[in-house]
Amino acid sequence: MMVLTKPAIEHLPIVKNSCKATSFFNDVPVIDLSKPESKNLIVKACEEFGFFKGINHDVPMEVISKLESEAIKFFSSPLSEKLKAGPADPFGYGNKKIGQNGDIGWVEYILLSTNSEFNYHKFASIIGVNPETIRSAVNDYVSAVKKMSCEILEMLAEGLKIHPKNVFSKLLMDEKSDSVFRLNHYPPCPEIEEFSGKNLIGFGEHTDPQIISVLRSNNTSGLQILLKNGHWISVPPDPTSFFISVGDSLQVMTNGRFKSVKHRVLTNRVKSRLSMIYFGGPPLTEKIAPLPSLMEGKYSLYKEFTWCEYKKSAYDTRLAENRLIHFEKISAS
Ligand code: GA4
């Protein structure tokens, strides 16, 4: 195995291997999305973990495989070619640099907005296909995953006994929904002499600012979530399922009943990891506030803000920061 010396990948964040950080998460809540009665389990999973695995979904495997194969072709292209589709500011191709505030990781990615026209020509010419091929692969995948996300959000609303059940899903269905889609590729990371017993970080710890995030990966491990008890646990990959996370906006809309889950990705020494994540967000002008039916006579824990204000503030932060803290009301006690 190739062993690198530190200067080659200096500056990249690392994490110590500890039993807790590497223990596998066998208790990940698994929710059968085809059963209406799963709604109560979804609520429980969002309260306890802010995270669950959804099985028996209706996203066709061909739709997933089509996009996956185009993504593999793109990420296998020479770096000099891929760089022509960047930099990600924030949309486009990004390599190691995450966001605009100095975060880096052992990752390359394509980030795109689902409500604005994306320039597929650059990507298509790099892998030598018709731009329509890429556009339809992305659109078919995003439409299917968005539909599934809306169904999950409606089950969630029913589980919470909120009427109408589309309170959350209508925000994603809105034609102005400010959603984002990202393809992340984590190349295998060679062993590093000075860092033995430690892992390089692929994508540093963070919460997602949107309402809901839906992740699908290949069969390579790397994803970890932070439990309420402060332990990081690894989530075993499952390419046939989707992993759903509560975002900051859903935390606010439930007045803190659901917590957005902190997560990160560690690199793998042997295999590359490819993940596709849909981040379902509301329209920019949407007010993000606790739903009155979830207040139960309590006060809102958060100041009033729009998604545009939150997003702007979030994009000015470093990845690991607690972004919601600036929007919390100071308690009187
Ligand atoms: C985390 C969730 C999504 O991947 C993302 C990320 C965004 C980016 O990569 O540009 C951010 C990050 C994410 C939150 C804080 C800011 C913005 C990087 C960063 C340091 C696309 C998003 O919407 O917020």
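Predicted model: local features only at pLDDT ≥ 70, side-chain atom pairs only at ≥ 80, totals over all residues.
Residues are numbered from 1 along each chain as its sequence is written, and side-chain values use heavy atoms, with hydrogens and water left out. Local features need pLDDT of at least 70, side-chain atom pairs count only at pLDDT 80 or more, and totals for chains, interfaces and linings use all residues.

**Ligand site**

The ligand is surrounded by 15 residues. The closest are Arg182, Asp208, Gln210, Phe279 and Tyr315. By class, the shell holds seven nonpolar, four polar and four charged residues. Here Ala, Val, Leu, Ile, Met, Phe, Trp, Tyr, Cys and Pro count as nonpolar, Asp, Glu, Lys and Arg as charged, and the others, Gly among them, as polar.

| Side chain | Distance to a ligand oxygen atom |
|---|---|
| Arg182 | 2.8 Å |
| Gln210 | 2.8 Å |
| Tyr315 | 2.6 Å |

Taken alone, the ligand exposes 460 Å², and the protein buries 99% of that. Accessible areas come from the Shrake-Rupley method with a 1.4 Å probe; for residues, only the protein chains shown count as cover. The ligand takes up the space of the largest cavity. A cavity is a set of points, on a 1 Å grid over the protein atoms alone, where a 1.4 Å probe fits but cannot get out. A molecule sits in one if more than half of its atoms lie within 2 Å of its grid points.

Helices (H or I, at least four residues) and strands (E, at least two) are DSSP runs, numbered from the N terminus. Buried means under 20% relative accessible area, exposed over 50%, and partly exposed in between (1.4 Å probe, protein chains only).

Gln224 is found in strand β11, residues 223-226. Its relative accessible area is 1%, so Gln224 is buried. Its side chain makes a polar contact with the side chain of Ser234 at 3.1 Å. Such a contact is a pair of N or O atoms within 3.5 Å; within protein, one must be able to donate a hydrogen and the other to accept it, and residues adjacent in sequence count only if both atoms are side-chain atoms.

Glu81 lies in helix α4, residues 79-82. Its relative accessibility is 25%, so Glu81 counts as partly exposed. The Glu81 side chain makes a polar contact with that of Lys84 at 2.8 Å.

Lys170 lies in helix α7, residues 169-173. Lys170 counts as partly exposed because its relative accessibility is 43%.

Notes:
Near = heavy atom within 4 Å. 1 Å grid on protein atoms, 1.4 Å probe; cavity = no way out; pocket = protein on both sides within 12 Å on 5 of 7 lines; lining within 4 Å.
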